[in-house]
Amino acid sequence: MTKDIEAPTPRPTAGALRFLLDAALSQLDHRLAGAGITHTHHGNRPLSLDGHPVIGPTLREGLWVASGTHRDGLHASPLIAAALASALLAPIPTDDPLPGVLAAFNPGRELIADLTVKEAAAEAAAHHAALAAEARMRPPLTGAWPQTLADGYAGLLDRAYAAMPEGYIPGSV
């Protein structure tokens, strides 16, 4: 791991809570501003080696996972829950417990490489730039600033992706 990448933390930071609350208030429901907070839960979002979800039975008998959906988990959870419930409650186990689109995300699958290292780093840099805008970063949009920021994100992600083991191309995060 390069020093440019933050390590997981045991507790949420004030900045992380602010970001999440800002997003919830502006993107989900403004009425959340009046909600009381009794406690927080904190966890690090799991991400698979290739950035794609892992869903289904593992090689360990009886252990199933549904993880690594990143931002798509909120919207995909009804489909994933229904497929897992159906597979787990099936009277006869099958070799293909999750048919259809979810079968591609079996935990025992080969890594999915749908981008080159250069493409993955460029997409991750674009996500970071979008995150800055979402967090209301307001740099000047004139002169060299837009390109300077884009180059900065690209350099950061190029270094991070170059530090990855050979053949490992995570999706954008």
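The side chains of R18 and D22 form a salt bridge, with 3.7 Å from N to O; a salt bridge is a side-chain nitrogen of Lys or Arg within 4 Å of a carboxyl oxygen of Asp or Glu. Three salt bridges are found in a search of the whole structure. The model is predicted, and local features need pLDDT of at least 70, side-chain atom pairs count only at pLDDT 80 or more, and totals for chains, interfaces and linings use all residues. Residues are numbered from 1 along each chain as its sequence is written, and side-chain values use heavy atoms, with hydrogens and water left out.

**Salt bridges**

- R18 and D22 both belong to helix α1, where they are four residues apart, about one turn of the helix. Helices (H or I, at least four residues) and strands (E, at least two) are DSSP runs, numbered from the N terminus.
- R18 is exposed, at 59% relative accessible area, whereas D22 is partly exposed, at 26%. Buried means under 20% relative accessible area, exposed over 50%, and partly exposed in between (1.4 Å probe, protein chains only).
- Another salt bridge joins the side chains of D29 and R31, at 2.7 Å from N to O. D29 is partly exposed, with a relative accessible area of 24%, and R31 is exposed, with 70%.
- The side chains of D50 and R109 also meet in a salt bridge, at 2.5 Å from N to O. Because D50 lies in the loop between α1 and β1 and R109 in the loop between α2 (73-89) and α3, this pair ties together parts that are 59 residues apart in sequence. Both D50 and R109 are buried.
- Side chains of opposite charge can pair when their charged atoms come close.

**Surroundings of S48**

- S48 lies in the loop between α1 (14-28) and β1 (54-57). S48 is buried, because its relative accessible area is 13%.
- The side chains of S48 and D50 are joined by a polar contact of 2.9 Å. A polar contact is a pair of N or O atoms within 3.5 Å; within protein, one must be able to donate a hydrogen and the other to accept it, and residues adjacent in sequence count only if both atoms are side-chain atoms.
- Leaving aside residues up to four places away in sequence, S48 touches V54 and R109; contact here means heavy atoms within 4.5 Å.

**Nonpolar cores**

- The largest nonpolar core has 10 residues, among them A120, Y153, L157 and I169. Such a core is a set of buried Ala, Val, Leu, Ile, Met, Phe, Trp, Tyr and Cys residues joined through side-chain atoms within 4.5 Å.
- The elements that give two or more residues to this core are α3 (117-134) and α4 (145-162). Helix α3 gives the most, with five residues.
- I169 touches D50, L115, T116, V117 and A120, not counting residues up to four places away in sequence.
- A second, separate core of seven residues includes A87, L98, L102 and F105.
- In soluble globular proteins, nonpolar side chains tend to be buried together.
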